[in-house]
Amino acid sequence: LRVNAVGTTWHDADLAAAARADVDAVVLPKASAAAVAAAARGFDGPIVAIVETPAGLREAYEVASHERVEVLLLGAVDLGLALALEQRADGQEILHARSTLVVDCAAAGKRAPVDRVWLDVRDTEGLAADCAFARTLGFRGKALIHPDQVAPTHEAFAPAASELDRAREIVAAFDLAAAEGRGVLALDGEMIDLPVVERARQLLSDEKRSVLHAE
């Protein structure tokens, strides 16, 4: 349930309603360290924190570190307005904000953040491209505003079959090398060491969870 921001007339009543309705989580706009702490006093479940102000961006690590924050979500529209950003087709105007959230979530030990909303619900090709770019930056999800956006978003964030096949090859080759007492190997000319293997294992793990959720 998305509630109104801390400090608004409706915030306390929203949290009370969320508690009565036994919702899974609340989505908190205008998130900052102080705002999250205040919301946590009125709701005892997980919080999805929208980072959409300059102060919130500066405090993204502190926000992500709060024990009740489940994930950060990039609110690019309000943040762009506050920073007087000029929208670009390639999304480069919010590259710093995107990367900041990815780094701060990882540093806080939280799951990867959720990317910005794609506003043109008719432009599914643009949505898919934006998802693909966000994925390369470390995002693993996107906020959606229309049912038609679900399928292209899922497809864009899901690993391709070729990626999964390569990941399986890497894990199998490394396991064989490890059994022989080697910690590094070459596979088709690519150096394979533990970080490369861990990334492959993470990809396979993400795919397994995706299939379970779909079922």
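How far is the sulfur of C131 from the closest cysteine sulfur, and in which residue does that closest sulfur sit? The sulfur of C131 lies 17 Å from the sulfur of C105, its closest cysteine sulfur, which is too far for a bond.

## What you are looking at

Welcome to this protein. The structure is a predicted model, in which local features need pLDDT of at least 70 and side-chain atom pairs count only at pLDDT 80 or more, while totals for chains, interfaces and linings use all residues. Residues are numbered from 1 along each chain as its sequence is written, and side-chain values use heavy atoms, with hydrogens and water left out.

The protein has 10 helices and 5 strands. Here helices (H or I, at least four residues) and strands (E, at least two) are DSSP runs, numbered from the N terminus. Along its principal axes, the C-alpha trace spans about 65 × 35 × 35 Å. Of the 215 residues in the protein, 39% are buried; buried means under 20% relative accessible area, exposed means over 50%, and partly exposed lies in between (1.4 Å probe, protein chains only).

## The two cysteines

Back to the opening pair. Seen from the other end, the sulfur of C105 has its closest cysteine sulfur in C131, 17 Å away and too far for a bond. A disulfide is a pair of cysteine sulfur atoms within 2.5 Å, and a search of the whole structure finds 0 disulfides.

Are these cysteines buried or exposed? C105 counts as buried because its relative accessibility is 1%. C131 is buried too, with a relative accessible area of 0%.

Which strands sit beside β2? One is β1 (residues 26-28), which runs parallel to β2 and is joined to it by 3 bridges; two strands pair if DSSP finds at least two bridges between them. V26 has I47 of β2 as its bridge partner. The other is β3 (residues 69-74), which pairs with β2 in the parallel sense over 5 bridges. Across that pairing, A49 stands opposite L72, and I50 stands opposite L73. β3 is mostly covered as well, with 5 of its 6 residues buried.

## From β1 to β2

β1, helix α2 (residues 33-42) and β2 make up a right-handed β-α-β unit. A crossover is right-handed if, with the strands pointing away from the viewer, the path from the first strand over the helix to the second runs clockwise.

K30 is found in the loop between β1 and α2. K30 has a positive phi of about 50°, although it is not a glycine. With a relative accessibility of 37%, K30 counts as partly exposed.

## Another loop and two helices

A84 belongs to the loop between α5 (76-83) and α6 (95-107). Its phi is near 55°, a positive value in a residue other than glycine. A84 counts as exposed, at 63% relative accessibility.

T124 has its place in helix α7 (residues 124-137), where it is partly exposed with a relative accessible area of 34%. T124 and Q149 are 25 residues apart in sequence and 6.8 Å apart in space, C-alpha to C-alpha. V171, in helix α9 (residues 161-179), counts as buried at 14% relative accessibility. From V171 to A158 there are 13 residues in sequence and 19 Å in space, C-alpha to C-alpha.

## A pocket to explore

Rolling a probe the size of a water molecule over the atoms shows where empty space is left. The second largest pocket has a volume of about 290 Å³. On a 1 Å grid over the protein atoms alone, a pocket is an open set of points where a 1.4 Å probe fits, with protein on both sides within 12 Å along at least five of seven lines. Grid points are joined across faces, edges and corners, and the volume is the space filled by probe spheres set on the points.

This second largest pocket is lined by 14 residues, and V77, Q87, E93, R116 and L119 lie nearest its centre; lining residues have an atom within 4 Å of a point. By class, the lining has 8 nonpolar, 2 polar and 4 charged residues. Ala, Val, Leu, Ile, Met, Phe, Trp, Tyr, Cys and Pro count as nonpolar, Asp, Glu, Lys and Arg as charged, and the others, Gly among them, as polar.
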